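Hi everyone, and thanks for making the time.

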Amino acid sequence: MSNAPSDNVPFPPDQTSAAGSPATTDTTPDDFSDELPLTPELVEEEALRGDFAIKWVVILLASLMACTQIAESPTLVHVKSGQYLADHGVLPPANDVFSYTATERPLVNLSWLFDLVLGVLYSVGSWPGITVLKIVMAGAVFFLLAKISRTNTPTWWNSICAVLALLACHQRLTAQPTLVTLLGITLTLLWLHQRIHGRLSGNRGWWIVPVFFLWSNLDPRMYLGLALLLLYGVGDAVSRLLGISETENAASPNAAPQSRAGLWLPIAACIAAAILNPFGWNSLLSPLTVYGAEYPAWHAYFPRNPPSEALLAFSATAPYFWSWNVATVAIVSLAIFATLLFVLNWSRMDVGYLFVFFGFMAFAIAAIHEQAVAGIVFCVLAALNGQEWYTATFRQSYSVARGELLFSRGGRAVTVLALSGLALIAGTGGIRGSEGTRTGWGLDASLQGTLDDLQKQLQDSLDDRPFHFRPSQGDLLIWIGQRSFVDSRLALFQGQSGDDLIATHLEIRKALLEGDDKTWIPLLDKFQITHVLPRLTQPRPDYSTLFSMLQSRAWQLTSFGAATGVLYRIDAKTPELTRYVSTHEIDFFKQAYKEEVRPVLPRDKWVGKTSFYQKYLGVPQAPVPTEIQESQHLMNMAAVQVASPTQQEPQRALVYLAIRKAQSGLTKNPDCSDGYRVLGRAYLLLSSLDSMFLLNDPQLRFTGLRYFQAIQSLNQALVSNPDDYETHRLLALTFQEAGRFDLAKRELTACLTILSREKNPSEEQLAEQVQFDRVLEQIGNQVNQLEDDLAQASAGGITSVQSASFAMQRGFPLRALRILDENSDLLLGDVAAHQMRITYLLEAGRAQEAFESAAILAEAPRQKSDSQWESIAAMTHLAHGDYDTAIRMLSQARDDLAQSTLARVMEGLVPRASAGQPQTAWPVSAVINSREVLPQGVSQASQFSLSIALIHVEQGMLGTAARSLRSALDSHPNTAARPMLAYYLYLLTGEEIDVFPPMEIIPVLFEEDDPVPPA
């Protein structure tokens, strides 16, 4: 490749313009014009200002991306360690003080100074103070990165590379030593660049030595900086041996050969400074610890599908890396750009930088964790090589030619717009994905909720030595004042075969899952462990271990929450442990039916739809409240109970507790689809359990309270999460069983749409697709038949209300609703039609619209005896979590029904004559009327009383519920709902009541005395 500059200009330069550059436009000013003529000098100034602005936008963007809530559990350990150092003489202890398994092992904490800084910052400014530290350090990294540039050369390309580097490392801008790694590697690159190009004279070049002294006390990955210096030094030495240094320097006028001669002396000084820490040579041996102990330990814990905290320990050859997220695309792009520019710049290539490139490519492949650092290195190499190639290839002058102006102005404008869009995505959190950390200050709300839950469950624990199941759990335990078996400092727990705490931890985990007491008993005895904490936090709660231990007779559950369930051993017969377990045994039945709780308030808003940002930018969802997480665990526990009479009582207890927790969580986050899904599952399970009382007509379960609560909850879950396959599937099965065919068709169609997006569907999903297609075909035939019948009925002159009622009777509420909506003008003043429409809206999932329609109906004139609208309106209030209003309306409906029943009975007592028709004698007609009216009214009134009592049970107002049940039994002893009323009264009070109505009991009038034996 020729070194002579070309006349081609792909983009205009920023700095120097050649003297005497010809202008292509007439620059003669108009005598009456206030505008200055456009000159190459003005174009140059404009480009300089543009590049300056872009550079600072990148720096501010880096600070913005670092402004995230702290959600990484290792940060908790760093802060706790720093607090310990501040309270115990600053210097790190010789042995570990936070675990109960490694207390006799020497502790090598190469980030001790970083811990101290975090501890002091937390004491001064709490979590927001640590967030500020992240912001400042991230801005400093990219400020220094902007200074690594050739003089008198445009920096536009450098800024583009810096943006890619930011995207490659944005997930590593956390309050952990990795942030020090990024800063240290940038300082090393800056020093190397200044040294190579002769910008350091005299003693100014020695500032890198104290950098490595501090770095070795702040970050265990200081070796990456030494590796960079050594790689460059070796590459430079090789180039000298091959005799190509002079060629390179001749082609690079900015290079200073005299600056390379003394490179090894500062490198040696940096190595010497790196061992000036409390742990001496261990700072240089850190790579052996990281790659030989820490990363293999993560591999042992998560051989498949590692979570985010473990993924960094895997290599880039693992399939988990190739998810093509933003960071992956950025690091691959930088590697490609750096490679291409090395090739384009081959005759001017710096061999030292080539060695650095290959060295950090090896680091990036070896572990995903190092890709953030490699991104910074690749950025510098691509930027410097790009500037070198541009300077040697293109004319270094500015012009006012239209094409060059368009490229200069347009290109920079597009860059600014792209950065603005990136800032928007970064600010909303979309760049980190729906599961990523959230933009903001302080501690992440989900992490804070988990810590609070753990603190609550362990505040009265027997000791501070629980067995937990993941290293991240150990971090949380350390923060709340407990001690860990293992934690995220995995290198501390690695050992030889007989002393490997990680292998022991994994062995205990497996034994507890499989119920192998011959393995876990001696191991727990060895470490004096009395209780274990199965992990229940997302993602993938460890239900398998929890359920396995609950079924074992060796464990007793003493506490339960969102983060874990605390199980104590009952095989160890120590007096202290026996006494503790007996006084802390958890009783879900007692919690559900004996302990009153404060009723939750109605939700302050209806569930909202997924926003534009959440749908298209992947903005992180609001955290799931801990109450809803706990409700999910309770429902999953209830689901595994055996559906038998002996298991129904604990099942019901768990379900009611799940409902209360979910309702409490939804008051905090009314948009949480998980909460509505739990409610839907709970109401369906209650409906199934209560079906034992509906032996005469099982279909009644699809017209009552539980059915409407279930479908309303599941439909609201779909409002905020419309692509939730499991919710659609659950609704489809419910509607299909209830005989709501068009609703089932809607949900099955949604299920098939979601399944069609699966790239690799499972065999189960393929089987479901076939089944759903078959059901849809059957429903399609029914739809066609319905339309034919409706057409014939319309030809017969039936009204729209009658047509809607006909469609509903055939099992097509959506079609019935459409008929009413299409003829809304004809329904004005028709209260019965409005009642029908509200019912159809509830089934169709339009709960908010049903609520608003019920509010309008409440103002319409109606008969005092009409109680139907009140019961319907009560359902709409239950969908909003407004228990009190629903109870008030059901109570009013019951009272109105009692009045109307009494009025109809009294009306029958009055003798009436009917002209031209045969008439039953008056006393007989009055009796017949009473026998027809009273049982029906009594049955309906008792159903209202039962619904009111069940809602009270949901609320946790158990005393009020018991009084409602007893009052209903006293008022209507012969009601068909008596078995269910008696059963719930027994659950609440223990009072046993005969389930048979008094009218069915045959009294014994004459009881024979005991026969007298013959004499």
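I'll start with the whole chain, then turn to the sheet, the salt bridges and a surface patch.

A word on the source: this is a predicted model, so please keep in mind that local features need pLDDT of at least 70, side-chain atom pairs count only at pLDDT 80 or more, and totals for chains, interfaces and linings use all residues. Residues are numbered from 1 along each chain as its sequence is written, and side-chain values use heavy atoms, with hydrogens and water left out.

So, the overall picture. The protein chain has 40 helices and four strands; these are DSSP runs numbered from the N terminus, with helices being H or I of at least four residues and strands being E of at least two. Of its 1015 residues, 53% are buried. Here buried means under 20% relative accessible area, exposed means over 50%, and partly exposed is in between, using a 1.4 Å probe and protein chains only. As for contacts (heavy atoms within 4.5 Å), take those with a separation of 6 or more: 74% of them are between residues 24 or more positions apart.

Now to the sheet. In what order do the four strands lie? The order is β1-β2-β4-β3, in an open sheet with mixed pairing. Two strands count as paired if DSSP finds at least two bridges between them. β1 (467-468) and β3 (555-560) stand at the edges with a single partner strand each, so one side of each has no neighbour in the sheet. β1 and β2 (residues 531-533) run parallel, joined by two bridges, and F467 stands opposite V532 in β2. V532 also stands opposite L567 in β4, where β2 and β4 run antiparallel. β3 and β4 pair in the antiparallel sense over five bridges, and a hairpin of four residues joins them.

Let's stay with β4 for a moment. Are its faces covered or open? Both are covered: G565, L567 and R569 on one side and V566 and Y568 on the other are all buried.

R569 leads us to the salt bridges. By the rule used here, a side-chain nitrogen of Lys or Arg within 4 Å of a carboxyl oxygen of Asp or Glu, the count comes to 31. R569 meets D525 in one of them, at 2.8 Å from N to O. Because R569 lies in strand β4 and D525 in helix α20, this pair ties together parts that are 44 residues apart in sequence. R569 counts as buried at 2% relative accessibility, whereas D525, at 42%, counts as partly exposed.

Another pair is D51 with R412, whose closest N and O atoms are 2.8 Å apart. D51 is in helix α1 (residues 40-66) and R412 in helix α15 (residues 402-428), so they tie together parts 361 residues apart in sequence. D51 is buried at 2% relative accessibility, and R412 is buried at 6%.

Last stop: the surface. Which residues make the nonpolar patch of about 300 Å²? They are F52, W56 and F143. Such patches take residues with over 30% relative accessible area and no salt bridge, joining like charges within 9 Å and nonpolar side chains (Val, Leu, Ile, Met, Phe, Trp, Tyr) within 5 Å; areas come from the Shrake-Rupley method with a 1.4 Å probe, and for residues only the protein chains shown count as cover. F143 sits in helix α3 (residues 112-146) and, at 37% relative accessibility, counts as partly exposed.
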